[in-house]
Amino acid sequence: PSQLISRLRIAVEGYRGVSLPIESLVAQEAQGSDAWTEIDGLNLDNAKRLLSGDLKLFLTTLERLLSENANLKDAPPLEVDAPDSEALRLKLAAQVHKLRSASGMVGAERMHALASRAEVTLRAPGEKAETLLRELAESLKDLERHSAPVLDSWREARAASELAASASGAGDADGAKPLATADLQQLQQLLLANDLSAQDWVDEHAASLRQALGPEAFANLQKSMANLDYRSALDAVNALANTLSNAL
């Protein structure tokens, strides 16, 4: 990871023509380190290093890992080791490959190892995968159980924050600064660059975005941002920019 980050820094600095501020990442990690709660089975030191101390990104990644792989907590399909199960095995292998990546990011080292072995086995015709998939299912159940208190607390705080923001926006709509097309250009650039600071921009301009998009569309934008689905978020922002431009 350190070599990858170094090469990316060199490439981005060369493209932008300016140096990237290392200090901001260090400060972010130091600031967020005290807020991390230990979760049994996770190497949080490794997760902090891989995610630059971004607690919100960690929790989002953990939540998505569990929700997107809920089916793997069930018993493996009976036909997974059947001679004619190649299509099923390849589909599972693709999912396990993504799980392998996500589990590594959140520090789930045992799950990462199991997913790695399961992927190789599923892609090898004739190799038995049922036992590995059962072990992987138990690992997912353990992670879900151990992380539940932390994720539940985070979801409650997030819901309370969104409710407060919604109430504030509804009660003081006139206080939100109207957005112009030029105001959205920075967000469009951040989303095009897959820049994580796009979330900070959305948070900072939440009241104005809610006023311009409406509650439902703004909630969809927030969901896209939380899922790091910047393509969908960019589509929504582009549509809003076009609407504002046509209204001039």
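Helix α5 crosses helix α6 in a left-handed sense, meaning that the near helix is turned anticlockwise from the far one by less than a right angle. The model is predicted: local features need pLDDT of at least 70, side-chain atom pairs count only at pLDDT 80 or more, and totals for chains, interfaces and linings use all residues. Residues are numbered from 1 along each chain as its sequence is written, and side-chain values use heavy atoms, without hydrogens and water.

**Packing of α5 and α6**

- Helix α5 spans residues 86–105 and helix α6 residues 109–122; their axes lie 8 Å apart at an angle of about 155°.
- The two helices are therefore roughly antiparallel, a term for angles over 145 degrees.
- In contact (heavy atoms within 4.5 Å), residues of α5 including R89, L92, V96 and R100 meet residues of α6 including M111, A115, E119 and L122.
- By class, this contact has 8 nonpolar, 6 polar and 3 charged residues.

**Nonpolar cores**

- A nonpolar core is a set of buried Ala, Val, Leu, Ile, Met, Phe, Trp, Tyr and Cys residues joined through side-chain atoms within 4.5 Å, where buried means under 20% relative accessible area with a 1.4 Å probe, protein chains only.
- The largest such core has 35 residues, and those with the most contacts inside it are L42, F58, L62, L65, M111 and L122.
- Elements giving two or more residues to this core are α3 (44–50), α4 (55–68), α5, α6 and α7 (130–171), with the largest share, 8 residues, coming from α7.
- L65 touches L99, A102, S103, V106, M111, L140 and L143, not counting residues up to four places away in sequence.
- A second, separate core of 20 residues includes L179, L184, A206 and L234.

Key
Axes are lines fitted to C-alpha atoms, for helices over the stretch in contact, and angles run from 0 to 180 degrees between N-to-C directions. Helices (H or I, at least four residues) and strands (E, at least two) are DSSP runs, numbered from the N terminus. Angles under 35 degrees count as roughly parallel, over 145 as roughly antiparallel, 65 to 115 as roughly perpendicular and the rest as oblique. Ala, Val, Leu, Ile, Met, Phe, Trp, Tyr, Cys and Pro count as nonpolar, Asp, Glu, Lys and Arg as charged, and the others, Gly among them, as polar. Buried means under 20% relative accessible area, exposed over 50%, partly exposed in between (1.4 Å probe, protein chains only).
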